[in-house]
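Keep the viewer open and try each task before you read on.

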Amino acid sequence: GWIKGGEGTKRKRAARFWCYPSPSPSAACSLPNPDARKKKRKKKIKEEEKTMASPYGPSSNLWVLLGLGVASIFIMTRRMRRRALKEDFGAFVERLQLLPPPPPAPPKAPHPLSGLTFAVADIFDIEGYVTGFGNLDWARTHESAARTAPIILALVDGGATCIGKTIIDELAYGMSGENKHYDTPTNPTVPERVPGGCSSGSAVAVASGLAEFSLGVDTIGGVRIPGAYCGILAFRPSYAAVSTLGFVPVSPSLDTIGFFSKDPNVLRRVAYLLIQAPYSGLRQPRNIFIADDCFELLKIPTSRVTRVLINSVEKLFGKKLLKHLNLGDYLSSKLPSLKQLQNGKKNGDSKSTLFSLAKAMQSLFNHEFRNNHEEWISSTKPALDPFISAQINRLADDSLALDCCQSAREESRLALNALLKDEGILVLPTVLGLPPKLNAKELSSEDYLNHTFCLSAIASMSGCCQVTIPLGLFEKCPVSVSFIARHGGDHLLLDTIQTMYAILQEQADIASKSNFSKSSITNEESAEIAKEKGNVAYKDKQWQKAISLYTEAIKLNGKNATYYSNRAAAYLELGSYLQAEADCSSAINLDKKVSSCKITII
């Protein structure tokens, strides 16, 4: 301390220790070393004398301390802002309110969406607000919207309240949900993993309970994928079933407005209002096709998903509805345009058709995206994410024949409509497995992108309607499955979800408490899959292949009379009468009700 004397300045120890400014609180005060006390005191006195001799005096220290204080306040303010943003899980770009009209007086019925709140992705226009499109440069170079998108007005007129605009992937181009401009919305179920994109904020707003439903855009999976990663329902209607006026186009041949909700009743109410479908009795599917080759892409145990599905269907409808299908094989003969895209190259793997369809979707998406936004990108030179920029430029050099891509789109719609007809449901995974971790290298890998697009391209290219259904947790992460109905079959798909959702969640809860591994599928389930594949081969007149598959089923479960009966029918087609007779005898011995060996495939 300093004490002012009569003739000068006298230095005096003020305490047993000295306090020095320090960036570390733990190091702010330290006891002096007794052996070095005198040296430290002399050094300190010299430093203080120099400071007093300075033309600025001790005030220079004051400015340093003041600067440190201001910096600390700035850092704390930033931390508090970040914490405040996290209260809404970083889902929103802008909070606002669009209030519905007053409810009608009784005895008139209330508005269909009365009391519900919803959010919209920042790709839709709202009068007086700039549509940001997930990029700060886009927001800077565009004016506020002159009118509100018709779909938003329809929801507000239906009784719902719009509470804000949500974050999307940059230019709606990605599918991870990560955005360097606005930060990545936090996945409420697994905060250390991505929420999925491109409609990440809308999915997070619903998953966190901030809104009862929300709107997003699904071009190549932008609603279905975040629905799967956040563990909520996500619905992509049939192509062109919902108006796309009043939003920024991404790829017009593929763009579809989709919605999220936790509640199947809310999802159905919103969908019925927007697709303008009349309410009627619940319809039930007559065929449920399991795409076995698509489930082979899963990176989690297949049975964790298929067992929930099979058990649920059997409890509600019985076994007769379930059919197994190799979707790639089915589509390969129905999509001749894909063979042109493959340049005549043949691949024995049935999944090659799915990869080719995904490649056609990527090419179409990229071409139309560039067609809409290349001029703005060239003139503005926005600060794009390097990965997105590289994808746009790479795909521009690798674009396939557009007429073949468009033809494949039409052919895939005809093929799936022919398969599903009016009362069929196709079941496949929504995504490959668990949501990737934030900033994971996997997100930019070709393998991850190509395999994910294999699954999303089926509905995107055919224009069929699809819904993502959560099936509980596996390793503390959301698991899901997807149902697809033909183009225009939205009514059936929504009714099927309404009917099956409760039993699916019940079975998912049971499965979540079970231990699964890659080999956890039962022999009986494997035998049924082999039998169904044998049936497909039999119908394609591939008798020897059918016999091999029926034999595989018998090895897995030799107590099922149907397997022997079906193999006998295949043997008869080849003229192998002794083997057919032996199988008929085995079938009769296993099931006394079998009075004769039937050739009909069961």
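Two strands pair if DSSP finds at least two bridges between them. Helices (H or I, at least four residues) and strands (E, at least two) are DSSP runs, numbered from the N terminus. The model is predicted, so to speak of local features a pLDDT of at least 70 is needed, side-chain atom pairs count only at pLDDT 80 or more, and totals for chains, interfaces and linings use all residues. Residues are numbered from 1 along each chain as its sequence is written, and side-chain values use heavy atoms, with hydrogens and water left out.

**Exercise 1. Work out the strand order of the open sheet, and which strands stand at the edges.**

Step 1: The open sheet has 11 strands in the order 5-7-6-8-10-9-14-15-13-11-12, and the pairing is mixed.

Step 2: Strand 5 (92-98) and strand 12 (322-325) are at the edges; each has a single partner strand, so one side of each lacks a neighbour in the sheet.

Step 3: On average, neighbouring strands of this sheet are turned by 25° against each other, direction ignored. Helix 5 packs on the sheet and touches strands 5, 6, 7, 8 and 10, and its direction makes about 155° with that of strand 8. Axes are lines fitted to C-alpha atoms, for helices over the stretch in contact, and angles run from 0 to 180 degrees between N-to-C directions.

**Exercise 2. Is Ala 211 buried or exposed, and what does Ala 211 touch?**

Step 1: Locate Ala 211 in the loop between helix 5 (200-207) and strand 8 (213-218).

Step 2: Ala 211 has 5% relative accessibility and therefore counts as buried.

Step 3: Leaving out residues up to four places away in sequence, Ala 211 touches Thr 117, Phe 118, Ala 119, Ile 163, Ala 205 and Val 206 (contact means heavy atoms within 4.5 Å). Thr 117 is 94 residues away along the chain, yet its C-alpha atom is separated from that of Ala 211 by 5.3 Å.

**Exercise 3. Describe how helix 14 meets helix 15.**

Step 1: The axes of helix 14 (residues 402-420) and helix 15 (residues 446-462) come within 7 Å and cross at roughly 95°.

Step 2: Helix 14 is therefore roughly perpendicular to helix 15 (65 to 115 degrees; under 35 is roughly parallel, over 145 roughly antiparallel and the rest oblique).

Step 3: Helix 14 contributes Cys 405, Ala 408, Arg 409, Ser 412, Arg 413 and Leu 416 to the contact, and helix 15 contributes Ile 458, Met 461 and Ser 462.

**Exercise 4. Where is Asp 583, and which residues does Asp 583 touch?**

Step 1: Asp 583 is in helix 20 (residues 577-590).

Step 2: With 4% relative accessibility, Asp 583 counts as buried.

Step 3: Asp 583 touches Tyr 564, Arg 567, Ala 568 and Tyr 571, not counting residues up to four places away in sequence.

Technical notes: Buried means under 20% relative accessible area, exposed over 50%, partly exposed in between (1.4 Å probe, protein chains only).
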